Amino acid sequence: MMGLDPGQQLQVVPLEGARNWCPEELSVRQLFTHVLDVFGKPNKKFFDMLSLFAKDEKEKNILESIVSGSDDGKALYRDLVHD
């Protein structure tokens with residue numbers, strides 16, 4: 001499981017105002033089996049949330065452009081999620 005111990009217990013600290021549900025205590029196996037959608041195509045909200053964690057300013061700007069609605073952002077989104 002990506003080099004992780006499937007039985008390892010995790011504690012999730014919910015962000016204030018977060019709308020996505022996740023149990024506060026779960027195993028790595030439960031996280032990958034019941035919470036994460038590792039095979040789905042990410043929507044624009046995913047990139048929006050990812051931009052909040054970007055430390056590199058260039059990467060943050062790229063992620064923000066995906067959800068901005070600009071022509072370049074739309075093209076980048078299509079390129080990233082449509083193989």
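Is Glu64 buried, partly exposed or exposed? Select Glu64 in this predicted model to begin: with a relative accessibility of 35%, Glu64 counts as partly exposed.

A search of the whole structure finds 2 salt bridges, and the next stop shows the pair formed by Lys45 and Asp48, whose closest N and O atoms are 3.9 Å apart. Because these residues are 3 residues apart in helix α2, about one helical turn separates Lys45 from Asp48. Lys45 is partly exposed, at a relative accessible area of 40%, and Asp48 is also counted as partly exposed, at 28%.

Next, select Leu15, Met49, Leu52 and Phe53, which form a nonpolar patch on the surface with about 440 Å² of accessible area together. Leu15 is found in the loop between β1 (9-11) and β2 (25-27), and is exposed, with a relative accessible area of 56%.

Finish at the largest pocket, whose volume is about 1,200 Å³. Of the 27 residues that line this pocket, Asn20, Val35, Leu36, Phe46 and Met49 lie nearest its centre. Helices α1 (28-35) and α2 (44-51) each supply at least two residues of the lining, and the largest share, 4 residues, comes from α2. Colouring the lining by class will pick out 17 nonpolar, 4 polar and 6 charged residues.

Methods:
Residues numbered from 1 in each chain as written. Predicted model: local features only at pLDDT ≥ 70, side-chain atom pairs only at ≥ 80, totals over all residues. Heavy atoms only, no water. 1 Å grid on protein atoms, 1.4 Å probe; cavity = no way out; pocket = protein on both sides within 12 Å on 5 of 7 lines; lining within 4 Å. Points joined across faces, edges and corners; volume = space filled by probe spheres on them. Nonpolar A, V, L, I, M, F, W, Y, C, P; charged D, E, K, R; others polar. Patch = residues over 30% accessible without salt bridge, like charges linked within 9 Å, V, L, I, M, F, W, Y side chains within 5 Å. Areas by Shrake-Rupley, 256 points an atom, 1.4 Å probe, with all protein chains shown as cover. Salt bridge = Lys/Arg side-chain N within 4 Å of Asp/Glu carboxyl O. Buried < 20%, exposed > 50% of the residue type's maximum accessible area, 1.4 Å probe, protein only.
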